[in-house]
Structure formats: structure tokens, C-alpha cells
Amino acid sequence: MTGNFIALSISHRRAPVEVREALQLSEEETRRLLAQFPQFETLVLSTCNRTEIYAYTEEEKPSLEQLLESLFELKHVAEEQRAGLRNFFETLEWEETIRHLFAVITGIDSQIVGDQQIFAQVKEAFRLSEAEEASGAFLRKLSQVAFRVAKRVITETTLNEGAATISYAAVEFARKIYDDFEERHILIIGAGESAELATKHFLDRRARRITIANRSVERAREMISRVRANDSNAELDILPIEELPVVLSSVDILVSATSATDYVLTRSTVEEALKRKSSSSPMVMIDIAVPRDLEPSIGTLPNVFLKDIDDLRSIVDRNTERRRHEIPKAEAIIEEERSQFLAALSRLQAGPTIKALRDKFEAVRKEELERNKGKLDEKSFAMLDEMTRRMMNRLLHTPAVELKESSETADILARLELVRTLFGLDP
Amino acid sequence: MFRKRALFGASMDVLVAVLRIILPLAYGGLAFYFARTFFRTLDQAHRLRHALSGAYFVLALHTVYIGAYTAHYRHELVATVFELSSLIAFTLLAVYVFAELRTSRETSGTGFFVTAIAFLLQLLSSIANETPPETKAILHDPIFNLHVTTSVFGYAALMLAAIYGGLYLLLFRSIRRNEFGAIFEHIPSLDRLERYGLRASAFGFVFLTLSIVLGAMLYSRIPLNVTAVAFLFDPKVVMTVLVWIVFGATLLVRRAMRMEGRRLVLFWMSGFALTVISMTVINWIGTSFHSFF
């Protein structure tokens, strides 16, 4: 097959987080890297879990070393560190590269199996490649197939269903009690990473009223400014943690994720709040902190659903296991699409072979006609010209169709090879 | 004229006989579809659209059956237990479509339970295949037919409210016990179950109100051999009024006392339990529907 498609990948499979962080690319860096290989069609994908460079060319095979060195240069990796870092990289060629890209976009290669964010990230990578004029016909066609694969996996499997992280499981658990967050008052205690993720998930689920309670009001404010980018319509308030008992009676859902060593809320505080509550609707309390923020006996109060990180872990484990069971289905879709994509590429290659075959036949026909031109009158010559042209067309019709028809890539390539050899089409 | 009438009678007879076979199959098919959505073997995007179309189709089929049956036998499906069970299947599905399916964003686990019950009721009615009895004159009275139909709708709505209530309590218990299995996954949220249950209760309340009003109208229309007091203290009248009060109170208590969640569900479930217990007792003691018939 003409053309070469390779990939250089560093991901969670081999590299620890500090290595991945060191090589993660910003959008600006991605653009700069794309601009470095005008001779290739290039795609650069960089997320917190992976940094990958894909390169395609119809000419000479791209040099993996060249790609790697460019990445190191861009990230200012010291010479003495480079040798060590090389061990974390995987290199892929042709069919493996295509299969890998499809596995990445569907989320089966993600750290959280079935992660849906990766689809948008790969889409963005293709968009950047296009914007930087690093894409060509091959990558455009590949992107169409890759997006189709991802969509098929979403609709034909349950790979993306169910929460697979603790913060998402917390939100999904709350949805089992209140499925519409628009009318609910949500209280997040803490302003760390888990609290921020939970807030983002609530905003994604159209929560409109969220209060952030934290010891440091400044940190809470910073967190709000980060999550606000997602949704500016929501009402996000800050509450000093000492004032928690005041708002508790109006809260429907509470998520606590602080690093406090003592209980942030005790049973008596919650009991008091429940007495002041204006309705008998349930109160959902989710404690994702370690050590726990909420006194466990709160869970025995009527109309209170209290879950801690272990409870949520069992939901996550269950979902992760179920997602893993879906991997073979996703792989079958990947295999089917990969095979069709390669067959389509091979069919494109049939064109030049058929043309060469026709040219060869035409040359022979013309040569024979010329040799006999003097022996025939004008009318007979024209008749013979027409007759041999029709004969040639009829004889070549079936081989031309057969060369394109097979859906198997290997079959098409074998036939092309045979025809080229039999008729001496290669120079 | 006579030949035309005979031909009409024969064609209605055939239509009723055919639909009697088709209806349980249609309900069974719908229940199977909902079972597949319940166990998530279908693509989510197509579930609701197909479920709603399927439910409308079965309702249309059943409407034709009721029409043909009424035209042929000159009374609605109200004369016997088996006729009533077919009408309840129809009303149960109709109320479900209007209470939940039409406004829902996705098919929920409740559809499976509702259609399974409707299927069993229709199957029972079709298998019994009884010859309609010699009907009393009152069965031809339109007000009487409306009275029975509205009360069947009312009780079907209350049955649906009970299904929602039962599922609410099941899910509540699962969450409390950290049982995150099929119940947790496939049944809609507590909030939604409560909302649908209230909607079904409101449906039931409206239909029972109509039924009670129509019953009172009947008393003044039909010469019954009972006093007004005996009429009012007929066990079924008393029970219907009681159930009506319980469900009316559910709706009222929710607004006035801001009762929500499990307490509200327990309140309406006790109303349904009262209905079932008193129905059973009254039917066990009595020989006809009302004491005065």
C-alpha cells in the first residue's frame, strides 16, 4: 500500500502522571508542533492522559525520531532526560495506528473506560490540524470515519453509561432522588478538586442554585471563577463554613469534600436543620471526603440519604465493570470500520492500476493499428479501429470491476499486485 | 333492512372475535418492548418514540374493540368481571400514557410494570371469552355507562398511583440499604415517581368525582327501589366516597401541609390499601355490584 501512517504516543498506559504532565501540550504548543511538519499530514492530540503525534505521508515513512525530538525541543526537555523518557513512548504503524486512534476516540483506551470527554478532545485535535493546514485528504477521511466509530459506540453499546468517577457518581446518585436540579438548592462544602468537579457536574446537569461553603472564602471565589466558564446563568454563592447551620434547612442536596480532620457537620446540627425545613422532601448528603466530613449517624435520621465515598465506590466499580464488558462490542465496531476504511483506501489505489492497464492495452492496440494502416482503405481502417476499441473495452470491463469490488483490503491489494506483475505495469 | 342488520351483526362479531385474540398479543408485545427498555437492551434514543407510538397503537386497537363490542352487544365492557378487566387494561394504559409517557424525556421502568399488568388483565379477559350475559336495562343507559367508565378510569388511575407509590418505596429502601442493583438503576428518581404518582392521583380524583356525580344523577333518573339513605350507605358508594376523600386529602395535604416524599407516598398508598381491602370484603359479602341492583 502506498503511504505511511505512524503514531508516537505517551499515555497513562506506560507513563506516570508527572511524565505526562511534563509533555502535555497547550493549544499554542500544539499549533507550533503542527507547523513543524509541512511534509506530513499531522494530528496532535494532547490531554491529561496522553500526548500523541500522528503523521501521514504518501512519500517516505515519517521519522519517529524526528517527531520525538521536535516534541522534546518544544517542551524544553533536557538532553540527559531524553533517553529515560523514550522508554515511556509507544510507536505505532499503519493499521495499528488507525486501530489505536479509533480506540482512543471511543474511550476504550482511556484511564476511565468509556470516558466521553476524549471524543470532544480528538475532534478538537482534528479541528486544530485543519486550522493549521496540517490536514490533507487522508486525515479528513480518517476523521470522518473516526467520528462515525465514536458515535456508533455511543449508540450501539453502553460503554459510556453510568458514572465512572466518584464526583460524577455523587451527582448521579443525587439524580436518583432529584432528577431535576433546576429547582434544587445545592450546597458544596470545600473548594478542592473533588468539590470543583462535583460543582461542574451539577452545572452540566442544569443546576441553577449552588452555594459553596469553604473556610477560605478566597479559594471558594477562585473555584467559582473557574467553574463559571461552564455556565454563567447559575446562581453561585459563597458561604463562610461557620454559617453552614443557617442555610442547611433550605438545602436539598449537599456534597462535602473538605480536607478537615473533624466532622464538618454533626448529627445534632442536621437534626436542628431538619426541624426548620419547610417541607418533608428528602435531604441528600454525600460525603466524598477522607476522613469523613459528616457524622455517620446522620444517615439514620428520617428523610436523609447519607452516602460516603465507599458507598459511591461500589457504584463506580459496578459501572466500570459493566463498561469493561462492553469493550468487545466496541472493538468489533472498531474492527469493522477499520477494515472498511482500509478497503476504501485500497479501492482508491485500484484507480491508477486500472488506468495503467488501459493505457498499456491502448498502446498495443494503437501500435498494431499503425502497423497495418497502409494495408487498409480509410473506411476499413476506421471500422477496425472502432472494433478493436470496443473489444478492448469489453475485455477490460470485468477486470476493472473485479479490482474494485472486494471488501477485503488484502484481497484488493493481492489482485492489484497480480495484475501489475502479469501485465508488467510497474516501471 | 333486516339483512343489513344481520350483516352488520356478523361483521361486528368477527371483528370482536379477532380483536379478542389480537389485543393480548398487542399488550404482550408492548410489555415485551418495555421489558427490553427496562433491561437496557435497546438504544435509548429510540426507546421513547417507539414506546409512545406502540402505546397509541394498542390504545387505538382497544378503542376499536370497545366500539365494536358496544355496538354488537349493546352495552359497554362493564357487565362482568372479565369485561371489566379488559376495560381496566385499557384505562390503565391510557392513564399511564397521559400521566407519564407523553411528557417524559425517556421511558422509565414503570412502563414495564404497567404494561405487564395491562397485558395480564387483557389476557384474562380474552381467555375467559365468555358469552355476554343477558343484560339489565340499566346497562343501556348512557349515564350509567359513563358512570361505570369514569369510575374504572378513576380506579385505574389510582392503581397506577399505587404502582408509582410501590416503586417509590422499593427504590427508597434500595437507596437506604445501599443496594445499587436493577431497582436502583432502572426505576426513575424518587422525585419523578412522586410527581407521576401525584398526577395519577389527580387523574383518579377527577374521574372519581365525575363518577360520584354521575351516580347521583342516576339515582334521580332511575326508579330504584331504595331510599336515599340506603342508597348513600351502599357499601360501594361509601367506599368510593372514602377513597375519593383519601386521594382528595392527598392532593390537599400536599399543598396545605407541604407534605412531600415518603410521607406523602405512604399517605396515598394507605388510600390504595383501603380500596383493595374494602373492595375485597364488599365483593366477598355482596352478590351484585351495588346492594340496590
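Reader: At what angle do the axes of α7(A) and α13(A) cross?
Author: This is a predicted model, in which local features need pLDDT of at least 70, side-chain atom pairs count only at pLDDT 80 or more, and totals for chains, interfaces and linings use all residues. Residues are numbered from 1 along each chain as its sequence is written, while chains are lettered from A and ligands numbered from 1 in the order in which they are written. Helices (H or I, at least four residues) and strands (E, at least two) are DSSP runs numbered from the N terminus, and axes are lines fitted to C-alpha atoms, for helices over the stretch in contact, with angles from 0 to 180 degrees between N-to-C directions. The axes of α7(A) and α13(A) come within 10 Å, and they cross at roughly 155°.

Reader: How many charged residues has the contact of α7(A) with α13(A)?
Author: Contact requires C-beta atoms, placed from the backbone, within 7 Å. On this basis A:Val145, A:Arg148, A:Val149, A:Arg152, A:Val153 and A:Glu156 of α7(A) meet A:Ala330, A:Ile333, A:Ile334, A:Glu337 and A:Phe341 of α13(A). Ala, Val, Leu, Ile, Met, Phe, Trp, Tyr, Cys and Pro count as nonpolar, Asp, Glu, Lys and Arg as charged, and the others, Gly among them, as polar. By class, the contact has 7 nonpolar residues and no polar ones, and the number of charged residues is 4.

Reader: Are α9(A) and α10(A) roughly parallel or oblique?
Author: Helix α9(A) (residues 193-204) packs against α10(A) (residues 217-228) with axes 10 Å apart, at an angle of about 40°. That angle makes α9(A), relative to α10(A), oblique.

Reader: How many nonpolar residues are in the contact of α9(A) with α10(A)?
Author: This crossing is right-handed. Helix α9(A) contributes A:Glu196, A:Thr199, A:Lys200 and A:Leu203, and α10(A) contributes A:Met223, A:Arg226 and A:Val227. These divide into 3 charged, 1 polar and, as nonpolar residues, 3.

Reader: Which residue just after α5(A) takes a positive phi?
Author: Within α5(A), A:Thr97, A:Ile98, A:Leu101, A:Phe102, A:Val104, A:Ile105 and A:Thr106 are buried (20 or more other C-beta atoms within 10 Å of the residue's own; 12 or fewer is exposed, in between partly exposed; C-beta atoms placed from the backbone). Their cover includes β1, β3, β4, α6, α7 and α13 of chain A. Just past the helix, a phi of about 90° is taken by A:Gly107.

Reader: Which elements give two or more residues to the side of chain B that touches chain A?
Author: Chain B has 10 helices and 0 strands, whereas chain A has 15 helices and 10 strands. In the interface, 18 residues of chain B contact 19 residues of chain A. The side of chain B divides into 7 nonpolar, 3 polar and 8 charged residues. The elements giving two or more residues to it are, in chain B, α7 (190-221) and α10 (261-285).

Methods:
Two residues are in contact if their C-beta atoms, placed from the backbone, lie within 7 Å. Angles under 35 degrees count as roughly parallel, over 145 as roughly antiparallel, 65 to 115 as roughly perpendicular and the rest as oblique. A crossing is left-handed if the near helix is turned anticlockwise from the far one by less than a right angle, and right-handed if clockwise.
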